[in-house]
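Please open the structure in a viewer and keep the selection tool at hand.

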Amino acid sequence: QQIMRIHAYETDFRKRARGNDSVDLFFDLKDDGKAADNPPSELLSAAITAGGDTRRYFRFRTPDGVIDFYDQSGNNSRRFLLRKPVRSDAVRFVSGYGMRRHPLLNSMRMHTGVDWAGPVGTPIIAAGNGIIEEARFRGQNGNYVRIRHANSYQTAYSHMLSRFGPGIHAGAKVRQGQIIGYLGNTGLSTGPHCHFEVLIGNRFVDPMSIQVPKERRLTGKALADFQRERA
């Protein structure tokens, strides 16, 4: 359970293990004198290799007494989904999740995501690590990208410009923060914006209210202490 919590946001545990997948665990021992006979104590490092990608995290207690697991750069393992997948301070939140009167169709419809409006061409970024499931023109959604993340999560981005980000196509792997497209006005749209959706098990949820774990990044003396301990 501890290993699954550490890797829950980047490793999909529902997939079958393949021949080159592996788990590498490093434990403290209760009694070094009888190491072979005693059970392990604290988990100090946990790495999972799946699909050719390795994710390794190291245990560290920060000065405030909080124990967490961090990668080799000092970022904790709880990075998952961004709520604002548009890279610009000029972008504004214009429409929330829920029932509303559609501004073009003039009828009550479920708004299955949230809208971020801003200048045409503003970069749209992947809200989390994952694999592109779709990158194409999709009717009222206009130019559309959908990403599959770990453990039944998906995100979708609509109304992009006609060009997608470099290397963005179905089956491509993306990292959180990578540019996947540019803010546009394609499909059924009243103006340039990104319609952003989050799905859990194919069910739409409010991107602004789901519980998203907070990222923590070590800096200064804490980062230096972590690097010494990791080494």
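Which residue forms a salt bridge with D64? Select R216: this residue pairs with D64, and the closest N and O atoms are 3.0 Å apart. A salt bridge here is a side-chain nitrogen of Lys or Arg within 4 Å of a carboxyl oxygen of Asp or Glu. The model is a predicted one, in which local features need pLDDT of at least 70 and side-chain atom pairs count only at pLDDT 80 or more, while totals for chains, interfaces and linings use all residues. Residues are numbered from 1 along each chain as its sequence is written, and side-chain values use heavy atoms, with hydrogens and water left out.

**Salt bridges**

Remain with the first pair. R216 lies in the loop between β16 (203-205) and α2 (220-230), and D64 in the loop between β3 and β4 (67-70); the two are 152 residues apart and link distant parts of the chain. Helices (H or I, at least four residues) and strands (E, at least two) are DSSP runs, numbered from the N terminus. R216 is partly exposed, because its relative accessible area is 28% and the class covers values between buried (under 20%) and exposed (over 50%), with a 1.4 Å probe and protein chains only.

Next, select D53 and K173. Their closest N and O atoms are 2.9 Å apart in a salt bridge. This pair also links distant parts of the chain, with D53 in strand β3 and K173 in strand β13, 120 residues apart. Both partners are partly exposed, D53 at 29% relative accessibility and K173 at 48%.

Then select E133, E134, R136, R138, R146 and R148, which are linked in a network of salt bridges. Within this selection, R138 pairs with E134 at 3.7 Å between the closest N and O atoms. R138 counts as partly exposed at 31% relative accessibility, whereas E134 counts as buried at 14%. Over the whole structure, a search finds 11 salt bridges.

**The largest pocket**

Which residues lie nearest the centre of the largest pocket? Select E10, T11, D12, K15 and A50, which hold that position among the 27 lining residues. The pocket holds about 670 Å³ of space. Elements that give two or more residues to its lining are β1, β2 (40-50), β3 (53-61), β10 (130-137) and β13 (173-174). Strand β2 provides the largest share, three residues. By class, the lining has nine nonpolar, seven polar and 11 charged residues.

On a 1 Å grid over the protein atoms alone, a pocket is an open set of points with protein on both sides within 12 Å along at least five of seven lines, a cavity is a set where a 1.4 Å probe fits but cannot get out, and lining residues have an atom within 4 Å of a point.

**The cavity**

Select L81, L82, R83, F196, V198, P207, I210 and V212, which line the largest cavity. Its volume is about 30 Å³, and the structure holds one cavity of 30 Å³ or more. Seven of the lining residues are nonpolar, none is polar and one is charged.

**A surface patch**

Finally, select V23, L25 and F27. Together they form a nonpolar patch on the surface, with about 230 Å² of accessible area. Such a patch joins nonpolar side chains within 5 Å, from residues with over 30% relative accessible area and no salt bridge. L25 lies in strand β1 (residues 22-29) and is partly exposed, with a relative accessible area of 32%.

Technical notes: Patches are made of residues with over 30% relative accessible area and no salt bridge: like charges are joined within 9 Å, nonpolar side chains (Val, Leu, Ile, Met, Phe, Trp, Tyr) within 5 Å. Accessible areas come from the Shrake-Rupley method with a 1.4 Å probe; for residues, only the protein chains shown count as cover. Grid points are joined across faces, edges and corners, and a volume is the space filled by probe spheres set on the points. Ala, Val, Leu, Ile, Met, Phe, Trp, Tyr, Cys and Pro count as nonpolar, Asp, Glu, Lys and Arg as charged, and the others, Gly among them, as polar.
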